[in-house]
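Biologist: Thanks for sitting down with me. Could you put the model on the screen, so that we can go through it together?

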There are 2 protein chains.
Amino acid sequence: MEDTLIPYSRLAEFTRKVLGQMGCSAPHAQQAVEALLSADLRGIDSHGIARLSGYVRLWEAGRINPEPDLKVIHETPSTATVDGDSGLGLVVGPFAMERAMEKAAAVGSGWVSVRHSNHFGIAGFHAMKALSRGMIGIAMTNASPLVAPTFSRERLLGTNPIAIAIPAGEEPPFVADFATTTAANGKLEILRRKSLRAPAGWVQDSDGNSSTDPAEPTRGGALLPLGGDREHGSHKGYALGAIVDIFSAVLSGANYGPWAPPFVPYLNLPADPVGLGLGHFFGALRVDGFRPAEAFARHMDQWIRRFRNAEPVDPSLQVLIPGDPEREAEKVRRVSGIPVGPQVMDDLRMLGEKFKIEF
Amino acid sequence: MEDTLIPYSRLAEFTRKVLGQMGCSAPHAQQAVEALLSADLRGIDSHGIARLSGYVRLWEAGRINPEPDLKVIHETPSTATVDGDSGLGLVVGPFAMERAMEKAAAVGSGWVSVRHSNHFGIAGFHAMKALSRGMIGIAMTNASPLVAPTFSRERLLGTNPIAIAIPAGEEPPFVADFATTTAANGKLEILRRKSLRAPAGWVQDSDGNSSTDPAEPTRGGALLPLGGDREHGSHKGYALGAIVDIFSAVLSGANYGPWAPPFVPYLNLPADPVGLGLGHFFGALRVDGFRPAEAFARHMDQWIRRFRNAEPVDPSLQVLIPGDPEREAEKVRRVSGIPVGPQVMDDLRMLGEKFKIEF
């Protein structure tokens with residue numbers, strides 16, 4: 001079956017109404033819509049409207065507070081910890097990132113660790129908030145424990161993404177946003193849906209053997225850290241995922257490692273939490289905290305042009321700047337709509353019926 | 001030929017004298033000895049005493065100023081840029097990391113970008129300086145352009161390492177220190193010396209084809225970003241290396257990308273610099289800027305224990321915490337000495353003759 005192209009505005013209106021029915025205030029619902037659907041606009045189909053029914057499932061399970069009391073519970077001039085009061089990460093994230101940027105405006109940089117939150121959508125959305133203020137933005141989060149560290153049979157980490165957005169001058173910004181695994185879980189979901197195999201180095205089975213079955217994580221197997229195996233540097237991917245986990249959850253007092261509350265329906269909530277909810281970490285750095293903004297912008301443009309114009313191995317595949325593919329996707333999708341697959345269409349119809357909202 | 005075991009104190013004394021003959025002050029020489037030989041103690045043989053003749057070569061080429069005037073040239077309460085005045089990175093690094101920690105002590109975090117520096121040894125040494133103050137330490141640097149971004153035939157990045165040191169309570173600290181490539185250049189040097197092949201995914205030849213010859217980078221080929229190829233996430237390793245380059249050199253005003261001044265003798269100094277010297281980036285974060293230090297230490301201990309005790313795939317290979325192998329190496333080498341290979345022994349004898357220092 002074909003994807004259906006749906007205008008952004010229609011998905012936004014529907015999502016806003018669903019969130020309203022869950023009890024979110026209008027400003028919170030609007031924030032959440034922007035965060036969630038930025039994934040669909042940027043071509044990261046696994047993290048956008050496809051997850052709306054997942055958020056509803058968490059809300060039905062009593063794991064999402066639609067009216068959270070967001071609070072800074074600890075701070076210094078350049079650091080803070082935010083308690084998300086079990087709110088949607090899509091709402092907690094923007095609140096925390098705003099605090100990071102306020103601190104950066106005041107003292108050059110701001111760093112905010114968050115506890116008691118939930119899935120926050122794509123990390124890149126939060127990092128990019130810094131761009132319009134001439135700041136570098138950083139966002140990361142821990143996630144459902146589906147990743148086995150190097151040498152481990154057990155799954156102890158999430159795909160723990162890192163996003164870093166860096167402003168330029170005339171060139172579009174540099175926006176890196178990536179899971180610290182060989183492949184994001186969303187890519188495995190897509191392979192499963194299409195009954196395709198995964199390349200070697202993406203997953204292991206429940207005994208820790210290499211496998212090409214993208215369904216392994218749904219039956220005790222694991223995703224692999226960036227690098228894939230020890231010989232190809234998986235200990236580095238493991239270290240990166242671990243750093244995201246520690247910055248997001250050990251610094252804030254959230255659940256870390258295998259205790260991270262899962263978003264995927266095939267994992268259970270751990271019975272012995274070590275903290276509150278899921279954790280995130282946000283940062284904002286003023287470029288003019290290091291050198292005049294104009295000089296930075298000029299050199300950043302030169303950096304981008306030199307890399308984009310590098311001689312390619314294959315003349316048909318140009319060297320990309322992180323963020324290029326997502327920006328191109330957004331250009332197209334803002335005009336022609338968001339492609340929604342048949343399974344997600346069914347999900348949305350089901351949500352429409354549940355909440356008596358026309359879809 | 002066998003390695004020779006040499007006591008740390010003897011290597012330290014010799015190195016101190018060589019640096020003294022180059023014109024370094026006694027306190028600078030002492031700082032540089034500690035930074036350089038920390039690599040040998042920690043088992044990272046490529047970055048320690050083996051590089052002493054390389055530093056001398058740069059000094060002879062007029063690229064190292066033994067009496068640098070180290071200066072903060074731009075700052076906010078939590079950020080700064082340091083000009084290294086062409087000094088040894090081994091001396092510039094500790095100066096800049098100290099500024100980062102001072103700022104963290106005052107406002108919760110400190111971030112220092114550095115221009116006009118040189119090779120600074122292992123990143124982990126600088127990051128670990130934060131541990132005794134109860135801070136998280138971060139260090140990164142750009143380096144000789146030997147790495148091809150995804151899809152690029154050209155070498156535009158260094159192996160650009162990242163180190164992050166995180167204090168714990170009763171457990172030893174978490175210390176990650178890794179090149180953002182599949183394998184560090186030092187590992188290729190070791191394979192070349194032993195006439196061994198490299199695993200697929202480590203290097204490409206000068207046309208951009210996959211190769212297993214560890215000598216490729218010496219004749220126009222390149223190291224590959226962590227991930228190895230696009231299917232296994234090399235665009236993520238490329239993004240990480242790029243972020244290190246931008247934080248170290250575009251923020252500070254150093255040379256970035258292919259303009260980074262090379263340390264390896266088989267690359268020429270670019271004729272058209274875009275900045276001053278090599279760049280580094282340092283950070284310090286107070287854990288008590290986020291939550292009480294005691295609570296952090298307790299949970300960090302629990303994190304470390306849970307991961308170290310994970311069920312392994314192979315019972316003979318325990319899951320490691322980043323920093324474990326290096327700490328074990330240091331324990332052994334402090335007692336039994338540093339193993340020095342025949343080629344490095346020749347180098348040191350040659351330096352001894354050049355400077356009339358007994359070795």
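Biologist: Which rotation superposes chain B on chain A?

Modeller: Keep in mind that this is a predicted model. The superposition of chain B on chain A has an RMSD of 0.0 Å, with 0.0 Å of shift along the axis. The two copies are thus related as by a two-fold rotation axis. The rotation asked for is 180 degrees.

Biologist: Which residue of chain B comes closest to the rotation axis?

Modeller: Going by C-alpha atoms, the closest residue of chain B lies at 2.4 Å from the axis. As for the surface, 100% of the contact residues of chain B recur in chain A. The residue you want is B:Gly227.

Biologist: Which element gives the largest share of the side of chain B that touches chain A?

Modeller: The contact takes 67 residues from chain B and 67 residues from chain A. On the side of chain B, the elements giving two or more residues are S3, strand S4 (109–117), S6, S7, H7, S11 and helix H8 (293–308). By class, that side has 36 nonpolar, 23 polar and 8 charged residues. The largest share, 7 residues, comes from H8(B).

Biologist: Now the sheet in chain B. Which strands stand at the edges?

Modeller: The sheet is open, with 7 strands, mixed pairing and the order S2-S3-S4-S11-S5-S6-S7. A strand at the edge has a single partner strand, so one side of it is left without a neighbour in the sheet. Those strands are S2 (71–75) and S7 (174–178) of chain B.

Biologist: By how many degrees are neighbouring strands of this sheet turned against each other on average?

Modeller: The value ignores strand direction and is an average for neighbouring strands of the sheet. It comes to 15 degrees.

Biologist: Which helix of chain A packs on the sheet?

Modeller: The helix touches strand S6 (162–166) and S7 of chain B. Its direction makes about 135 degrees with that of S7(B). The helix is H7 (residues 234–250) of chain A.

Biologist: Which residue of S3(B) does B:Lys71 stand opposite?

Modeller: S2(B) pairs with strand S3 (residues 79–83) of chain B in the antiparallel sense, over 4 bridges. Opposite B:Lys71 stands B:Asp83.

Biologist: Is H2(B) roughly parallel or roughly perpendicular to H4(B)?

Modeller: Helix H2 (residues 26–41) and helix H4 (residues 89–107) of chain B have axes 8 Å apart and an angle of about 95 degrees. Angles of 65 to 115 degrees count as roughly perpendicular. H2(B) is therefore roughly perpendicular to H4(B).

Biologist: Which residues make that contact?

Modeller: By class, the contact of H2(B) with H4(B) has 6 nonpolar, 3 polar and no charged residues. H2(B) brings B:His28, B:Gln31, B:Ala32, B:Ala35 and B:Leu36, while H4(B) brings B:Leu90, B:Val91, B:Gly93 and B:Pro94.

Biologist: And how is H1(B) oriented to H3(B), roughly parallel or roughly antiparallel?

Modeller: Helix H1 (residues 8–22) and helix H3 (residues 52–60) of chain B pack with their axes 11 Å apart, at an angle of about 0 degrees. In this pair, B:Thr15, B:Val18 and B:Met22 meet B:Leu52, B:Val56 and B:Trp59. The angle makes H1(B), relative to H3(B), roughly parallel.

How values were computed
Residues numbered from 1 in each chain as written. Chains lettered and ligands numbered in written order. Predicted model: local features only at pLDDT ≥ 70, side-chain atom pairs only at ≥ 80, totals over all residues. Axes fitted to C-alpha atoms, helices over the stretch in contact; angles between N-to-C directions. Parallel < 35°, antiparallel > 145°, perpendicular 65-115°, else oblique. Contact = placed C-beta atoms within 7 Å. Nonpolar A, V, L, I, M, F, W, Y, C, P; charged D, E, K, R; others polar. Least-squares fit on C-alpha atoms with pLDDT ≥ 70 in both. Pairing = 2+ DSSP bridges.
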